Amino acid sequence: MKNMKMNPALIMVLGSAVMVGATATLKNALAAAFASAVTLIVSGLLVSILKKFITEDMEVFGNLIVIAGVATAALMLTNCLFPAAYKSINVSLSTLSTSLLAYVVCKNVKEDGVGVAVTTALYFAVCLLCMGALRELISLGSIYGTSIGFLSDYTITMFGNVPGGLILFGLLLACTNKEGYSLNLEEVLGKKGE
Amino acid sequence: MKDIIVTVLSLTVVNNYVASKVMGVPNAFVKDTKKINHLGLFTLLTIAISGLLGLVIANALNGLGFGFMSLPVNALVSALVALILSKVLKADKTELVLTIFNAAVIGCVCLLQSQGIELAQSYLYTIGAGVSYLVAMYMVAAVKSRIDEKAIPSNFKGLPIEILALGIIALAVLAFK
């Protein structure tokens, strides 16, 4: 997880509910980036502090309690700071409370430190903002609500919906993919299942 | 009976959890296709049971003025349901983690609440949601098996082409609306 290529959002499509469901416009993407960054960083920090108390047997439930609690607080904060965007993406954002991305981050934090949570959160936020900007540009011909001249006459509204979001996400993955990545469950969970 | 069929069909085809709501996508792309039946059934039952329980708990918490706690409480309840089901279905730890951290499980409860579906009708919705997830897993597996046989540009190999294929499935699903 030392560079952009190792971003779990791009190599394992983790957090795709937020990545596609909450990035129809840049405003929505900004709210989603804020909520997910707070969730990943704070839950990573808490797990790092509490790692002595979260034993391996209780790892799944311990991490879940931390992630769900932090995500709830992050959603409240997002509702306060971005009320209009939150209203349209609250269901997608609520999936952060059981996000596999957050679980993988919390698992990695125990071994590699809080830096992993910070870098992953920033990379994920950058991906969300890129998706939001591109989708708004293509589907509405605007950026952050500001219409861009001739582009507003040549919009493809499908990219504002889920199918367009998935297609754009697939293209974004292809841009960062050099070796034909594919999902490996054991890789996601850090060790072979028992 | 007609209501059951219509609700399950509409959730399976029109409001499919993976293709139209993009929930639980990583789990739908499991590499080992032999696991699909087991993981799919496990996820279906978890969504159906925890969705129903989640709505009851959310209504109770709202009544007590603790509505803001419904998300973490439901996440925990879903995890407990998944844990119990994992013992019954003899699921391994990987499947348990994938089901607990599946966005479709908590997403079902949130959608039930946001759409104002009543408790009496919610069992149809939760069963439909679970079936829609299982159908999506089969659709993705079918597409993957065909894609694997084709010559694909190196950058598109693996997840990118699979996500693009899911986008096309989502486009087909959108047509039903």
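**A walk through chain A**

Of the 194 residues in chain A, 53% are buried, where buried means under 20% relative accessible area, exposed means over 50% and partly exposed lies in between (1.4 Å probe, protein chains only). The model is predicted, and local features need pLDDT of at least 70 while side-chain atom pairs count only at pLDDT 80 or more, although totals for chains, interfaces and linings use all residues. Residues are numbered from 1 along each chain as its sequence is written, chains are lettered from A and ligands numbered from 1 in the order in which they are written, and side-chain values use heavy atoms, with hydrogens and water left out.

Chain A contains nine helices and two strands, which are DSSP runs numbered from the N terminus (helices are H or I with at least four residues, strands are E with at least two). Read from the N terminus on, the order is α-α-α-α-α-α-α-β-β-α-α. Among contacts between residues at least 6 apart in sequence, 75% join residues at least 24 apart, a contact being heavy atoms within 4.5 Å.

A single residue can illustrate such contacts. A:S92 is found in helix α5 of chain A, and A:S92 counts as buried because its relative accessibility is 12%. Leaving aside neighbours within four places in sequence, A:S92 is in contact with A:A17, A:V18, A:G21 and A:A22.

A:F53, in the loop between α3 (26-50) and α4 (59-81) of chain A, is exposed, with a relative accessible area of 68%.

Aromatic rings come next. A pair of aromatic rings is described by the distance of the centres and the angle of the planes. Rings of Phe, Tyr and Trp (its six-membered ring) pair if their centres lie within 6.5 Å, and planes under 30 degrees apart count as stacked, over 60 as edge-to-face and the rest as tilted. A search of the whole structure finds three aromatic pairs over all chains. One of them joins A:F34 and A:F82 in a tilted arrangement, 5.8 Å centre to centre with 55 degrees between the planes. This pair links distant parts of the chain, since A:F34 is in helix α3 and A:F82 in the loop between α4 and α5 (83-94), 48 residues apart. A:F34 counts as partly exposed, at 24% relative accessibility.
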